[in-house]
Every structure is written in C-alpha cells, then in structure tokens.
Amino acid sequence: MDLSSYLPILLLITMAVVFAVANISLTLALGPSRQGPVKGTTYESGMDPFGTARKRFNVRFYLIAMVFLVFDIEIIFLYPWAVAFPNLQAGTTESWVWLGRILFFLLTTVVAYVYGYRKGVFRFD
Amino acid sequence: MSLPSFVTAQFVISALTIVVAIHAILIGCAYLIYLERKISAYIQDRIGPNRVGFDFGLPFMPKFHFWGLGQSLADGVKFLLKEDYMPKGADPFLFTLAPVAILVPALIGFAIVPWGGIWICPDITVPILGWVIPGGPVHIAGAAVNIGLVYLLAVAAVGIYGVVLGGWASNNKYSFLGALRASSQMLSYEIPMGLSLLVVLLMTGSLLPMKIIEHQVAHGWLIVSQPLAAIIFFLCVLAECNRAPFDNAECEQELVGGYHTEYSSMRFALFFLAEYAHMVTNSAMFAVLFLGGFHLPFIGALSPHETGLFAVVAKIAVLTLKIILLISFMMLIRWSLPRLRFDQVMQSAWQGVIPLSMILLVMNAVLVQQRATSLPSLLVANLALAALVLLIQRLLPRPDMNRKVRLPGSRFHPPLHEDVRTRPTLALALEDRPVEGSSPMAGARF
C-alpha cells in the first residue's frame, strides 16, 4: 500500500502542533505570573465556588453518545455503497438488489430510531 | 545522494500549498475577527475598530489609522504578553492539551480542498543536491489523497475532543456545562452532515473533491439541483463551528464563556483561532460540494481542463472569494438571529433534521436507481419533499412545554372590564418626556 500521498498531511499536522505549542510556550515565557488565593478560584459569576465541577451529570448526554454511535457507524457503512451505487447499470436487477439491501439496512436504523423515540431519548424538555 | 522515492512533483506542490495555505489561513483568521467586529458594528449602528494603525505609538511613523487594520496585529501581541493563568484544581496536562487538541483538527481539515485544480508542473531542479524532479499534472491541493471526503469527516469528529477536554480540565461548572452542551450538539449535527454528504456522493459517484467539481461543471452546481441537502449541510456547518444561532457552547448570558471561561492569554486565542479556522475549512468544503468549487459559469479559464498558471491563480482567487462570501454570510446570520435554546437545538437535530436527511437520502437513492437525475426531476422531488415536510409539520402533535400560562391580573391577561395602561397618562409624566412632532396631550406614540 502506497501511503506517500499522506506525507503532506503529516507535514501539516506537524506545522499545526508546532504553531500551537510554540504560542503557548511563548506566552508562558513572556507573560507575568502572580498567584493568589482568590485569583486561583474559578469564575462562577462571582459566587464562592463550592465543591468540584466533576460531578455526576445528566444521563441524557450519555444516551446521546450511544445513539450517535449507532447512526455514525451506519453512515460510515453507507459511504462505499454511495460511491458504487451511481456507477451501476441503470434498471438492472443488480441495481434493484443494491437499492433493496440498503433500504433494509436503513430500516434497521429506523427501528432503532423509533425505539429511542418511544423511550423518550429525543425529548429534551 | 539520490532522489528519495516520495519526493515527486505532487509532493513538492502539496508541501508548498500547505505552507502557503496555513499561513494565509492563520493571518486570514486574525482579519476575519476584524471583519466580524466591523460587520457587527455596522449591524448595531456603530463604527467598530478604527483606531489602531501600523504606527504602534512609535515616533516618526505616519499617523494614519488604516481603518483600524492594525487591530488584529496589536491583539496578537497583546495575547502573547498577557498572563497565562490556570485555576486551582485544574488538570494541568489536559488544561494545556485542550487548546492544541481543538486547533490542530481545525487547521488540518483544509488539506483536501482543491484550491486550484490541476496544473502541469514543469521539471523541478533542486540546485545544491542536483536532483531533477520529473514534472507532470499535479493537484494544487494540500494532499491528493484518494479517500477525499472521508478525511474531512474524520478530522471534523476529532475536533470535539478539544471542547470536552477544555470544559473538563477547567474545574469550572460553567465550563463543564458548556463542554457537555457543545459536545452533544456537535455529535448530533455530525449525523445530518454525513447524510447530506451522502446525497452529494450519490449524485457524483466519487469521493474526490476534484471529481465532484467536474460533475458540477458538467451538470450544474449542486446547490441548484439539491437545495435541501445544501441547506441541511449549511445548518450542520453552523452547528459544527458553534456559530450562532447554535452557539450554546458559549452563550454569554448563561455560561459566561462556556468551555473556555477559565482560559486566558494565548490559550484563549487558540480557541478563538480554531473557531475561525473551522469556519474557513467548512466554508471551503461547502463551496466545493455545492457551489462548484473554483468554477464560475461562462468563464472558460475556470474549467477543470485549463491547466495553465493563469488559470490556477484565477481558480484560487475565485474559491477564496466564495469562502469569504460564505463566512460573511455566517457572520450576518450570527448578528441577525437570536440564539436557539439548548433543547430546541437538540430537538431540531433529532426530531427534525436527521429524519429529514434520511428521507432525502432514500429519495435520492430511488431517483439515482431510476436514473431520473436531470435537473427538473431533482428540483420537483426536492420541492415535493419540502412541501410534504411543511404539510406533515402542521399535522404533528405540538409539544406543550412552552404554552402560555394565563396569569389572571397580569398585564397580558387583565381582569374583565379593566383597562390596562402601558404608557404614562399623567400630564406631568408626559411633559417630562415629550415626543417630537406631537403635543404631549394628543396621544403621543411611545
């Protein structure tokens, strides 16, 4: 497998990382630094912060992540199909079979969607 | 030393394109911030930044303000000289990693944008080493990779990490909430983005941006034949960039600054740069996918088959112009529309845009199978789907979470036979605030 066409992307990533790291280092070196007990607190609209921010959060965000996985993996599987499908012979049995297969594949996602909808995953009130 | 095998004309041109483009985008981002401040100023009937020129307070320099164009430069220097502060309780490693993790995906996304089409490169002679790199047709793009748009989707998904890390590491409740909101919003809108990309792939049958542009040159721009997919893609671009009306990640009135509340100095600037770099990359992709890339109708020099140097320069100029126009449009949207509430954003994603884009995909699959992909049939199908959606939307049960509760005795629901006055009626009060052009007693308009 020839991956040499990806080398410029490696160069690009290196440049982006160097830019970011250099800027952060420069501002660390150039900027002043004064610590203080009040200055060290987080800004929460002027109230004295209590506790930690890393507490339990709403389970809804977890559900979103789960449903996203279902849909995103489905979309990844659709990409090769979408590239090959328009290049098939029109009106042949083969193209009907390809269309039917992908409709069935989408149907499985629709089942997941309907299940999630009935469970109230997509309600945000 | 002989020529390494990976050094081809394509590699040289790609490296050159990357070095030029990354600098152009970083400087461009600084001036996009200036542009946004100017646009917001004119929308709000202000003048905006117009003081800082290029003299920087030094003596013997021309005191001309250059319409405030020095502002971006001064801001950059200011960011470097400010204190880089980390609150107590923050995770030092993740706190530093977050700005890098958000800027790098934003900056590497443009690699597949075909800036100037194909150029016939002459043989390149490297002076000292004595190499002769054989020329040939090369893509004026950051990287001519054969996965094309999949690269764009992969890079866009990585950008979420920076947001989540920034919110988590800050140990600030507002930051954490902003990060949760931003990540769930970006995840949700990635799905319709992928689905509307699939519609483009069904039309063109290729993942390569150059092939997509060639298809649009031959069959007309896809924004004309696939308006619904274009609208969905643009919505998703706004949501992915956390731009208004989808800027729930950093809604100032609720969450101070969202996931970058605790950031200062250059780290904050990196978050800011990343947002604008995201806008540049995504506008470039929108221009390539739906606006014909570097193509303009009726101009022969801009066809993909022109491979001269002049054609390449003209194509780069046209694509840059389209990107700037798209970004200006996004800025106009930001300063015109109010921000959506978080539950509205998520519900419109999961109950609106995602089902719609799936129906759109199935419709286009059937049309492609029937080879009914001429412009009129696609337009009719799109219009029919839009009409169907509008019709069904009327029939669906409406959620009652925002219904108006009658509060007897309030200004909006006064008791029966009671007149509610919302303007002063006392003669003295009217005299205090006389209205121009009318006498105070003649029912002044307030």
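Let me start with how helices are handled here: helices (H or I, at least four residues) are DSSP runs, numbered from the N terminus, and axes are lines fitted to C-alpha atoms over the stretch in contact, with angles running from 0 to 180 degrees between N-to-C directions. What you have above is a predicted model, where local features need pLDDT of at least 70, side-chain atom pairs count only at pLDDT 80 or more, and totals for chains, interfaces and linings use all residues. Residues are numbered from 1 along each chain as its sequence is written, and chains are lettered from A in the order in which they are written.

Now, helix α5 of chain B, residues 173–204, packs with helix α8 of chain B, residues 227–240, at about 150 degrees, their axes 9 Å apart. Angles over 145 count as roughly antiparallel, so that is what α5(B) and α8(B) are to each other. Contact, by the way, means C-beta atoms, placed from the backbone, within 7 Å. Among the residues making this one are B:Tyr189 and B:Met193 of α5(B), and B:Ile232 and B:Phe233 of α8(B).

Let's turn to the partner chain. The contact takes 69 residues from chain B and 56 from chain A. On chain B's side, α5(B) gives the largest share, 14 residues.

Definitions and conventions
Helix = DSSP H or I, 4+ residues; strand = E, 2+ residues; numbered from the N terminus. Parallel < 35°, antiparallel > 145°, perpendicular 65-115°, else oblique. Contact = placed C-beta atoms within 7 Å.
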